[in-house]
Protein chains: 2
Amino acid sequence: MAQKPSIPKGTRDFNPTEVAKRNYIFKTIRNHFEVFGFQPIETPSFENLDTLMGKYGDEGDRLIFKILNSGDYLRKVDEKAYEAKDIDRLTAQISEKALRYDLTVPFARYVVMHQNEIDFPFKRYQIQPVWRADRPQKGRFREFYQCDADVVGAGSLLQEIEFIQLYDAVFSDLGLSKIKIKLNHRKILSGIAEVIGAADKLIPFTVALDKLDKIGEEGVISEMASNGISDSAIKKAMPLFSMAESEGQTFKLLSEFLESSKTGKEGIADLQFIVDAVGKLGLSNTTLEVDVSLARGLNYYTGSIFEVAGPEEVKMGSIGGGGRYDDLTGIFGLKDLSGVGISFGLDRIYLVMEELDLFPPAIDQSLQVLFVNFGQQEALAALPLLRKLREHGIKADLYPTDTKLQKQLKYANNRNIPFVVLLGKDELEQQSMVVKDMAKGSQHTYAWNDLQQFIGLL
Amino acid sequence: MAQKPSIPKGTRDFNPTEVAKRNYIFKTIRNHFEVFGFQPIETPSFENLDTLMGKYGDEGDRLIFKILNSGDYLRKVDEKAYEAKDIDRLTAQISEKALRYDLTVPFARYVVMHQNEIDFPFKRYQIQPVWRADRPQKGRFREFYQCDADVVGAGSLLQEIEFIQLYDAVFSDLGLSKIKIKLNHRKILSGIAEVIGAADKLIPFTVALDKLDKIGEEGVISEMASNGISDSAIKKAMPLFSMAESEGQTFKLLSEFLESSKTGKEGIADLQFIVDAVGKLGLSNTTLEVDVSLARGLNYYTGSIFEVAGPEEVKMGSIGGGGRYDDLTGIFGLKDLSGVGISFGLDRIYLVMEELDLFPPAIDQSLQVLFVNFGQQEALAALPLLRKLREHGIKADLYPTDTKLQKQLKYANNRNIPFVVLLGKDELEQQSMVVKDMAKGSQHTYAWNDLQQFIGLL
């Protein structure tokens, strides 16, 4: 019995059109990464288990795909752990490798391992798949690509300015408009928690605040309360809820609010510098706005925090994000190396572009010219012509068998091939070929010697 | 205690120069794949375990990397198998996914799953990593890329002609010369085994014959004898040993040798057709030769067999290979679909090109222009100029901190950056910039307004 094939849940096959569309986005991102001076690295798909474990919290540890050791993996297993079915101990004994969960931890590992070969500051980009044993759902997969650009070894705010320009350049080039880049700062969030008297509740406070968009003011207040934030603190925080809509007033309101916090004022100064510089340079197709409710990745970001919202007309979460983390490589023993980076969410960008019909129309035109196959003699005569077309970089092919003309033309139609060449018995005698323009329905005869004329059209 | 980081054995980090060189090879191969009418697909990194198991022989099954099920993977384990530590049964119960071992089986699975969306004949290419738990050694890794092009649903020998042209186009474009494409046919090997009276020993006979290059005539004879091939059969096979060096005589000698074998003569006719057609078309930089000792992948190839030997001046095994298999998708229930394909060995091509110094010299020039950072005011003034360069697609950057000039110039040198821009206090006042040509040591001053002049140079 033959197997009925399937693929693991949360994974995908990509057909030629999907690959072309994905590559179009990758290529655009990669071009801008390189123009901005980032250099590519690649790391292995699997890392040693202990490189990854403990870096993403307990939930993250569970979502890491572990690879079973090869050979007799039970040979060295601890008998007691085996008998007790002690999963945690057993896993560490039968699995020493795991699939990469993100690109940041492997990058930190790379920087530490190769620190003596790297010229710092090091601007690297990395576009590779990552794997997470998450419950699959719409837009969430178990294998997906991340596109990251990071700078290590540079504390200057010029990097933040540059990342905002980079987002602007990529999204403009992809034809996405009305994109909002939201900006916040860890020190502003710390300052707020300090001012309202909830410094010890920074994380639950910001996590709740981050949901303002989704659950509204009342929802945020009740979540804060249920996380033990006092009524008086919540009351003091009230002005923040409206700050998001204050437009040009944000810095003024924020300065008043954080007047008593040294940390908060440092955060404001950083953002003011970034916003001023970006304002002078100008953005093409995106807008930059300070959003004090943005708290993305607060567990590791220590400075600026970015998030990019998709266009308003498409219901979609963020399509990018990033921030600054002061001690990227500390976990692997290289202290005090500041890192700042951003990421592009390929799958969501793809969905947005699909919905807004932004891919170039000819993107699935994988073949420009198809020679019809009328039989062995005719096919052999077509080969030198085909060869010349290909030498000119033209995507051209000969139908492999001399099946019915009807069927060959249907194939050309299905594949959206603009020119079909007919080289049958008569043409063979006359050393000519008939070129059919499939869109116009017109046709034209060329002598083999005049192939160059046809090439000129393509 | 910080961890001292490492990566799993048999895996590799790629630094920016290595990525650039690898991408140069990938891009060349991909361009030609597309010009020849192949379309890209991508499949998931892991497949269901039963999609892969049993397809590569017992040894292959052992080399497949299995992924441990997520969550409490012992919950559903059979108690008896667990107590008995019955590895085979246990593995199937705690692992239902595995990393892809090659691109051919996933392709066959893809074709069967998507048969109703595909326009046959389907020419697909696929460039993705595969994983094997092999013992790592020089040139053999546990994670490596395969670059495959295959046609399914076309029985015509035109495909074979095309694949030879494709090899020629790629290797010529990469600058590799004196490359030999070796050609053989399953039916010729069957015919030989038949004629010498060893039809039941086809596999050991051809496996031994395949080693002629390595172990010489005597070695081959003794291996055949030890595999139960009779003295009389070996004696009859003797003329084959010198056939490889017979140059233009091969077809004549082979026809005489296989005169009594219908199968053998079919094989000769196929190869004669291919060799004649390729001869008429001509090859740029490679030579095609029939090699009756070539027996690569005989377990699955049913028609033509290809192998590409690296240039003679570099000690390296084959850098490509392929063949025709009549029933590619039968294992997944779609019968009688002929497939023929070739593969490029990226890692070996890389090593050959490195040894022959064939990579373009500027391949590691990841940045064309670097602005020196003289402090905040100067840096901010550089930003609009930098932006304009980047808008012209020029890879340009500003050093992120105002560290010592010496250090910044050293960084420019290390990164092989051809132009360094000095925009200090004086230039800021005069709205100008000094461009230093790092190779020539010369420098030239441009007004900011004349940036276009500098851009013209790049």
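B:Ser343 is buried, with a relative accessible area of 18%; buried means under 20%, exposed over 50% and partly exposed in between, with a 1.4 Å probe and protein chains only. The model is predicted: local features need pLDDT of at least 70, side-chain atom pairs count only at pLDDT 80 or more, and totals for chains, interfaces and linings use all residues. Residues are numbered from 1 along each chain as its sequence is written, chains are lettered from A in the order in which they are written, and side-chain values use heavy atoms, without hydrogens and water.

B:Ser343 belongs to strand β11 (residues 339-344) of chain B. Helices (H or I, at least four residues) and strands (E, at least two) are DSSP runs, numbered from the N terminus. Neighbours within four places in sequence aside, B:Ser343 contacts B:Cys147, B:Asp148, B:Tyr167, B:Ile319, B:Gly320 and B:Gly321. Contact means heavy atoms within 4.5 Å.

The largest nonpolar core holds 123 residues. Such a core is a set of buried Ala, Val, Leu, Ile, Met, Phe, Trp, Tyr and Cys residues joined through side-chain atoms within 4.5 Å. A:Phe371, A:Met433, A:Phe454 and B:Phe344 touch the most other members. Helix α7 (residues 158-173) of chain B gives the most to this core, 9 residues. Another core, of 122 residues, lies apart from it and includes A:Ile127, A:Leu174, A:Val340 and A:Met353. Beyond four places in sequence, A:Phe454 is in contact with A:Val369, A:Leu389, A:Phe419, A:Val421, A:Met433, A:Val435 and A:Tyr446.

Chain A is assigned domain 1 (16-64 + 101-355) and domain 2 (369-455). These bounds come from an automatic or database domain assignment. The domain centres, taken over C-alpha atoms, are 52 Å apart.

An open sheet of 5 strands in chain A has the order β13-β12-β14-β15-β16, with mixed pairing. Strands pair if DSSP finds at least two bridges between them. β13 (396-398) and β16 (443-447) of chain A stand at the edges with a single partner strand each, so one side of each lacks a neighbour in the sheet. Strand β15 (residues 432-437) of chain A runs antiparallel to β16(A), joined by 5 bridges. A:Val434 faces A:Thr445 of β16(A).

Chain B can be laid on chain A by a turn of 180 degrees and a shift of 0.0 Å along the axis, with an RMSD of 0.0 Å. This is the relation of a two-fold axis. Superposition is by least squares on C-alpha atoms of residues with pLDDT of at least 70 in both copies. Of the chain B residues, B:Ile67 comes closest to the rotation axis, at 2.2 Å (C-alpha). Both copies use the same surface: 100% of the contact residues of chain B recur in chain A.
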